[in-house]
Amino acid sequence: MSAFFFFSPKQRIVSPKRWVAIFASTLFCIVASLSSLFSSVSAASSSDKGALQVYFVDVEGGQATLFVTPEKQTLLIDTGWPGYDGRDADRIVAAAKNAGVNKIDYVLITHFHEDHVGGAPQLAARIPIGTFIDHGENRESTDKPTVQVWKAYQQLMSTGKYKHILAKPGDPLPIRGMKATIVSADGVVLSDPLPGTGEENSSCKNAEQYPTDQTENRRSVGTLITFGKLRILDLGDLTKDEEMQLMCPKNKLGKIDIYIVSHHGWNQSSSPALVYGITPRVAIMDNGAKKGGTPSVWDIIEKSPGLENLWQLHFSEEGGAAHNVASEFIANLEGTDTGNYLQLTAQPDGRFEVFNSRTQKTQSYPAK
Ligand SMILES: [Zn+2]
């Protein structure tokens, strides 16, 4: 910068063009320092004591989503995969440490597939857990990996170390600092719309009829989280047939700010009736490089009216160049497996921001 202000003896007269260049670069410097000031302000707000923190832990195409309330109570939705030397449990514990907590109060198991409950024993060996929440019994007794992880989970429960809550649609969870309401469990959904919702859903008109899913996916425990003005939806791997019961003809969930994309972005979930009914501002997809992120689902979400950004935990190989978001919205790019996470920081007035641990950059969303 300062070089512009040193004139050589031969260049005492500065041309108008040169003055424009000086002015432009001075303006650039001012804007750059102002924006760095603002980004440090937004980084400070991440540690705001009144905020809700949500970590989208990368478990390579499974789910592990950690909520930490301002009261430092914790809810973990799912535990990732078994095996891999406890990779997923280690990543969850690292997120808890990052949030300044050393215990998980509630672990909610959406369903008994290995990418959701598989990591539970490894996690329990690494960090104290208070209560497990689930839909009851495993309903998929023919699938070998499911039977194995279900056995391991039952063994863990039989130690008697943990409290247990059987999730029922309509029930609130006893967590402090945010409101969490069960909206689906064991193939049953809310019988009535949630308070303040229940409008006709226009996306039901030409909706497809979906066959009843025969797997554990349909049994997923779905949760609607309210924090101040913000509404966050997580339905685990809930399938389209169940989505229709939640969304048609009346939308029992209402509008959602942040949609944790069901089923890693696979096409058995995220029907237009669901996505266009809840009209999320932001969608966060816990896909893996080779799992989830189906182009047809990606299209439905990207076309959702009012969507500001879709975030992905991984670049989806199936999506290729045409069906992946811009790299700044992806936590893990092609060919890398470093377990980068996404972190949502939400304020009670409806403001929120998303931090990408790979780029170390934060995107802010104002209150609506
Ligand atoms: Zn899954």
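Which residue stands opposite Val 107 in strand 5? The residue opposite Val 107 is Phe 132, and this pair belongs to a predicted model, in which local features need pLDDT of at least 70, side-chain atom pairs count only at pLDDT 80 or more, and totals for chains, interfaces and linings use all residues. Residues are numbered from 1 along each chain as its sequence is written.

The confidence of the prediction is expressed as pLDDT, the predictor's confidence in each residue, from 0 to 100. The mean pLDDT of the protein chain is 90, and 87% of its residues reach 70 or more. Over residues 26-46 the pLDDT is below 50, and the model gives this stretch eight contacts beyond near neighbours in sequence; two residues are in contact if their C-beta atoms, placed from the backbone, lie within 7 Å. Where pLDDT is low, the predicted coordinates should not be read in detail.

The secondary structure of the chain comes to eight helices and 17 strands. Helices (H or I, at least four residues) and strands (E, at least two) are DSSP runs, numbered from the N terminus. Of the 368 residues, 46% are buried; a residue is buried if 20 or more other C-beta atoms lie within 10 Å of its own, exposed if 12 or fewer, and partly exposed in between, with C-beta atoms placed from the backbone. Among contacts between residues at least 6 apart in sequence, 70% join residues at least 24 apart.

Strand 15 (residues 342-346) and strand 16 are antiparallel, with five bridges, and Thr 345 has Glu 353 as its bridge partner in strand 16. Five bridges also join strand 16 to strand 17, again in the antiparallel sense, and Val 354 is partnered by Gln 363 in strand 17. The hairpin of strand 16 and strand 17 has four residues between the strands, and Gln 360 in its turn has a positive phi of about 65 degrees. Because four of the five residues of strand 16 (residues 352-356) are buried, this strand is largely enclosed by the rest of the structure.

A further open sheet has eight strands in the order 8-7-9-10-11-12-13-14, also with mixed pairing. Strand 8 and strand 14 (330-332) stand at its edges with a single partner strand each, so one side of each is left without a neighbour in the sheet. Strand 11 (residues 258-261) and strand 12 (residues 282-285) run parallel and are joined by four bridges, with Tyr 259 opposite Ala 283 in strand 12.

Helix 6 (residues 240-247) is largely enclosed by the rest of the structure, because six of its eight residues are buried. These buried residues are Lys 240, Glu 242, Glu 243, Met 244, Leu 246 and Met 247, and they pack against strand 7 (179-185), strand 8 (188-189) and helix 7 (272-278). Asp 237 lies in the loop between strand 10 (230-234) and helix 6. Asp 237 counts as buried because it has 27 C-beta neighbours inside 10 Å. Beyond its neighbours within four places in sequence, the contacts of Asp 237 include His 111, His 113 and His 263.

Technical notes:
Two strands pair if DSSP finds at least two bridges between them.
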